[in-house]
Amino acid sequence: MFLFDAHLDLSMNAVEWNRDLTQDLHTIRDREKNLTDKPDRGLGVVSFPEMRKGNIGMCVATQIARFVKPDSKIPGWNSQAQAWAMTQAQIAWYKAMEDAGEMIQINDLPGLRKHLALWENAESTENLPIGYILSLEGADSFITLKNLEIAYGYGLRAVGPAHYGPGVYAYGTDSDQPLSQKGKDLLAEMDRLKMILDATHLCDSAFWDAMEIYQGPVWASHNLVREIVPHNRQFSDDMIKELLNRKAVIGMAFDAWMMIPGWERGKSTPQSTGLKIEHVAQHIDHICQIAGNALHVGIGSDLDGAYGKEQSPGDLDSIADLQSITGILKNRGYSDQDIEQIMWKNWVDFLERSWV
C-alpha cells in the first residue's frame with residue numbers, strides 16, 4: 001500500500017550525519033561501523049531505496065537548526081545566522097536530490113495530484129522520485145520574518161515554531177511559557193502566507209495560545225498520546241480534541257521512549273522492553289476512539305530523527321517495515337478504507353482542504 005510519512009529529518013541525516021541516502025542501507029551502516037560520534041552510528045533505518053521498497057512515495061521532509069544560548073544543556077547553533085546557514089545547506093541538498101531525480105518538491109495541489117498519479121500508475125516504483133513537502137522543525141533560524149518569506153519562496157509550506165527547550169519564537173518540549181509577541185507575529189505572517197502550522201513540540205502554554213490565535217490549517221506531524229505515555233512531549237486528550245476540532249491530522253511517531261511508558265533513554269533497549277511496531281496501534285486506537293473515526297491519524301515516523309535501531313521498535317529493521325502497520329490494524333478490526341486513510345489518504349485529504 002502507498003504510504004505518506006509526515007516527518008523525516010532527511011537533510012539533517014545527509015548534511016549533519018553525513019549519510020548518502022541514495023545508497024543501500026547496509027552500505028550506509030557499513031561506512032559508519034567504526035564511528036562513535038553519535039549513538040545511532042551504524043544503526044540507521046532510512047535510505048531512499050528502503051523508502052521505495054516500503055512504497056513510501058511521499059513525505060514531509062524537514063529543515064532543522066536550533067539556536068541555543070551559552071547556558072543551554074541541549075545542542076544547537078550559537079547564533080541565529082549560523083542556524084539559518086545550516087537550513088540553507090539543507091535546502092541545497094534537497095535541490096541536489098531533485099536534480100538527481102531522487103526527490104521532487106510538492107508545494108501545491110496540481111503537483112500533489114500529478115505525483116500521486118505517477119506512483120499509482122507506475123509499473124515499478126524502483127526508480128521513481130520521492131515526493132516531499134518542505135517543513136521547518138523549530139523556527140529559530142528565522143533571523144527576522146523576512147527569512148520566512150524567503151523560505152516560502154523556495155517551497156517551505158509548514159512550520160513548527162518550537163523544538164526542544166526555549167526557542168526564539170516559542171518554547172518547546174521540556175519547557176513552558178506562553179507565546180511571546182515574536183511568536184504571535186510569526187503566526188500572523190504564516191497566516192498571511194497560508195502556511196501549515198505544525199503543533200508538534202509546542203509546550204502546553206504555547207499550544208493553547210497558538211490554537212486561539214492561528215486561523216490557518218494545523219497538523220501535528222509526529223506526536224503520540226499523553227494518556228498512554230505521560231510526558232509533556234505528548235498530547236493530552238484535551239489537546240487531541242482541540243486538534244480534531246481544527247480538522248488536523250496527527251502523525252504517529254516511532255521514537256521508542258514516546259511509544260511505551262518506562263523507557264529510559266540510554267538504558268532501555270527494544271529487546272529489554274519488548275517494544276514492537278504494534279505498540280503504536282494503542283496510540284492510533286486512542287485517537288480514533290476520541291474522534292469516533294479514523295480520519296485524523298496518519299504516519300509521521302520521525303525515523304532516524306537523531307536515533308536509529310537502538311531506539312526504534314525491535315521488529316523494525318528499516319523504514320520499509322512500516323508497511324506491517326496495515327496487517328496490525330487489520331487484525332485489530334480496522335476496515336480496508338480506514339487503513340488506507342491512516343497510511344496515506346488522511347494527509348492527502350488534509351492538503352486538499354488546505355491548499356485551495
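Predicted model: local features only at pLDDT ≥ 70, side-chain atom pairs only at ≥ 80, totals over all residues.
**Entry 1: Arg 19 and its partners**

I began with Glu 32, which forms a salt bridge with Arg 19, the closest N and O atoms being 2.7 Å apart. Because Glu 32 sits in helix H2 while Arg 19 belongs to the loop between helix H1 (10-15) and H2, I note that the pair ties together parts that are 13 residues apart in sequence.

Asp 40 is buried, as is Arg 19.

Which residues are linked with Arg 19 in a network of salt bridges? I find Glu 32, Asp 37, Asp 40, Arg 41 and Asp 304 in the network with Arg 19. For the structure as a whole I noted 19 salt bridges.

**Entry 2: Asp 304, from the network**

I went on to Asp 304, a member of that network, and placed it in the loop between strand S9 (297-299) and helix H13 (324-331).

Is Lys 247 buried or exposed? With a relative accessible area of 51%, Lys 247 is exposed, and the cut-off matters for this reading, because exposed means over 50%. I located Lys 247 in the loop between helix H9 (237-245) and strand S8 (250-252).

**Entry 3: Arg 29 in helix H2**

Returning to helix H2 (residues 25-32), I looked up Arg 29, which lies within that helix. Arg 29 has a relative accessibility of 12% and so counts as buried. What lies 2.8 Å from a polar atom of the Arg 29 side chain? I found the backbone oxygen of Gly 44 at that distance. Setting aside neighbours within four places in sequence, I list Gly 42, Leu 43, Gly 44, Val 45, Lys 309 and Asp 317 as the residues in contact with Arg 29.

**Entry 4: a pair within helix H3**

In helix H3 I checked Lys 53 and Glu 50, which both lie in this helix, three residues apart, about one turn of the helix. Their side chains meet in a salt bridge with an N to O distance of 3.0 Å. I recorded Lys 53 as exposed at 58% relative accessibility, whereas Glu 50, at 6%, counts as buried.

**Entry 5: the largest nonpolar core**

Last, I turned to the largest nonpolar core, which has 117 residues, and noted that Phe 4, Leu 10, Met 51, Phe 142, Leu 243, Phe 254 and Leu 322 touch the most other members. Helix H14 (residues 336-354) gives the most to this core, with eight residues. I followed up Leu 10, whose contacts, leaving aside neighbours within four places in sequence, are Leu 21, Val 46, Phe 48, Met 51, Cys 59, Ala 61, Trp 93, Tyr 94 and Met 103.

Methods:
Residues numbered from 1 in each chain as written. Heavy atoms only, no water. Helix = DSSP H or I, 4+ residues; strand = E, 2+ residues; numbered from the N terminus. Buried < 20%, exposed > 50% of the residue type's maximum accessible area, 1.4 Å probe, protein only. Polar contact = N/O pair within 3.5 Å; in protein donor to acceptor, adjacent residues only side chain to side chain. Contact = heavy atoms within 4.5 Å. Salt bridge = Lys/Arg side-chain N within 4 Å of Asp/Glu carboxyl O. Core = buried A, V, L, I, M, F, W, Y, C linked by side-chain atoms within 4.5 Å.
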